[in-house]
Amino acid sequence: MSSPSLTRFVRSSLEELKQNGLFNQIDALQGGNGPTIRIKDRSLINLSSNNYLGLASDERLIAAAEKALRQYGVGAGAVRTINGTMEIHGELEAKLARFKQTESAIAYQSGFNCNMAAISAVMDAGDAILSDELNHASIIDGCRLSKAKVIRYKHSDMEELERVARAARESGQYAKIMVITDGVFSMDGDIAKLPEIVAIAERYDLITYVDDAHGSGVLGEGAGTVKHFGLSDRVDFQIGTLSKAIGVVGGYVAGKQELIEWLKARSRPFLFSTATPPAIAAACVAALDILMDSTELQARLWRNAEYFRQGLEQLGFRTGHTETPIIPCIIGEEKQTQRFSRELLAEGVYAKAIVFPTVPKGLGRIRNMPTAAHTTAMLDEALAVYGKVKKRIGLE
Ligand SMILES: *Cc1c(COP(=O)(O)O)cnc(C)c1O
């Protein structure tokens with residue numbers, strides 16, 4: 001028998017979600033997450049994955065994973081600091097450092113985990129963190145875990161950042177101050193103003209922390225947003241994920257040798273959670289080899305993104321102020337946006353609606369992420385469906 005108070009809590013909370021239209025029905029894929037996906041025996045054009053470069057089902061990654069599976073087995077068997085560190089983990093970290101052009105790197109089991117690990121390894125009570133209001137949930141949780149005072153600033157508002165930085169520094173209350181930001185913001189596809197952020201950081205001695213989950217593999221010829229702005233040696237923490245453009249799973253911090261050494265000694269998910277399975281690490285190594293060898297996939301990604309964005313705009317849709325392959329199609333009102341997404345699905349296009357409270361009220365949108373793996377024919381088909389649904393719903 002379960003606790004009556006738990007039953008009451010869970011039941012009423014679920015009910016509330018459903019009433020507010022916030023309950024998410026999860027559909028299982030019958031196969032891989034590629035440019036098309038199969039759900040309930042229907043093939044759909046997929047515009048909702050983070051698999052930017054199509055690497056999630058790339059044969060070269062699969063072959064590398066299979067080989068490592070035979071060599072090392074399925075599981076790592078221990079945390080990194082006991083004896084779960086295999087040579088393939090070292091190889092992955094060395095490659096990540098080269099990829100990001102930093103002295104060193106540390107790999108974690110996920111990007112989420114990475115933010116749980118890295119922030120609290122250096123920030124504590126008595127410190128302050130200046131955090132963009134649109135930062136990812138894992139950054140928010142990571143900050144909370146650190147016990148530092150969190151000071152939010154308006155999204156990409158550099159005047160406000162400067163103001164809070166100066167106030168925090170002049171107050172003399174904080175031993176260390178960090179500024180933390182997404183490299184690319186996942187709801188609008190806009191890029192953090194890193195040159196300004198770094199300049200402010202240098203003025204007020206702020207630790208700089210950039211979570212580039214959506215920028216790595218996408219911007220800066222693959223190396224990410226920091227490289228895109230030529231700031232590789234002026235950002236302390238470059239966080240990345242191996243779960244989006246890299247197509248597998250995992251997270252990492254790239255930075256100075258000493259910092260990485262400290263994270264290996266002190267970050268809790270590294271110390272207390274089993275190491276990434278070796279086959280996963282091997283697949284990531286194979287992906288990095290591909291990215292460092294050629295920028296062909298990035299070129300294809302950007303071409304497809306530009307093609308799709310222009311197509312939407314020709315149909316009369318607003319796409320906001322995206323600067324990356326994340327392409328919002330602004331519909332507006334919440335229920336209308338949900339309906340739009342359902343109609344797309346009925347016509348064979350999988351593209352999720354994103355509405356309040358994830359984005360501001362009245363700015364509901366369908367978020368599209370075309371990838372390098374989409375063909376022009378797929379994008380044309382998706383655009384035709386957008387046009388058809390727009391007419392059917394009677395949007396202006
Ligand atoms: C997706 C994302 C993460 C989480 O990465 P996972 O590897 O999927 O755990 C962390 N930070 C940001 C900014 C993200 O967009």
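Reader: How many cavities of 30 Å³ or more does the count come to?

Author: One. Keep in mind that this is a predicted model.

Reader: OK, what volume does the largest cavity have?

Author: About 50 Å³.

Reader: And which elements give two or more residues to its lining?

Author: Strand 3 (104-108) and helix 11 (268-272) do. Among the lining residues are Arg-80, His-89, Tyr-108, Gln-109 and Phe-270.

Reader: How does that lining split by class?

Author: Five residues are nonpolar, four are polar and one is charged.

Reader: What distances do you get from ligand oxygen atoms to Gly-111, Thr-241 and Lys-244?

Author: For Gly-111, a backbone N or O atom sits 2.8 Å from a ligand oxygen. The side chain of Thr-241 has an N or O atom 2.7 Å from an oxygen of the ligand. With Lys-244, a polar side-chain atom is 2.7 Å from a ligand oxygen.

Reader: How much of the ligand does the protein bury?

Author: The protein buries 86% of the 380 Å² that the ligand exposes when taken alone.

Reader: Last one: what domain does UniProt list for residues 44-384?

Author: The unreviewed UniProt entry lists "Aminotransferase class I/classII large" for them. That span is 46% helix and 16% strand, and its end C-alpha atoms lie 14 Å apart.

How values were computed
Residues are numbered from 1 along each chain as its sequence is written. This is a predicted model: local features need pLDDT of at least 70, side-chain atom pairs count only at pLDDT 80 or more; totals for chains, interfaces and linings use all residues. Side-chain values use heavy atoms; hydrogens and water are left out. On a 1 Å grid over the protein atoms alone, a cavity is a set of points where a 1.4 Å probe fits but cannot get out, and a pocket is an open set with protein on both sides within 12 Å along at least five of seven lines; lining residues have an atom within 4 Å of a point. Grid points are joined across faces, edges and corners, and a volume is the space filled by probe spheres set on the points. Helices (H or I, at least four residues) and strands (E, at least two) are DSSP runs, numbered from the N terminus. Ala, Val, Leu, Ile, Met, Phe, Trp, Tyr, Cys and Pro count as nonpolar, Asp, Glu, Lys and Arg as charged, and the others, Gly among them, as polar. UniProt positions are given in the numbering used here, feature names are shortened, and annotations may be inferred rather than shown by experiment. A polar contact is a pair of N or O atoms within 3.5 Å; within protein, one must be able to donate a hydrogen and the other to accept it, and residues adjacent in sequence count only if both atoms are side-chain atoms. Accessible areas come from the Shrake-Rupley method with a 1.4 Å probe; for residues, only the protein chains shown count as cover.
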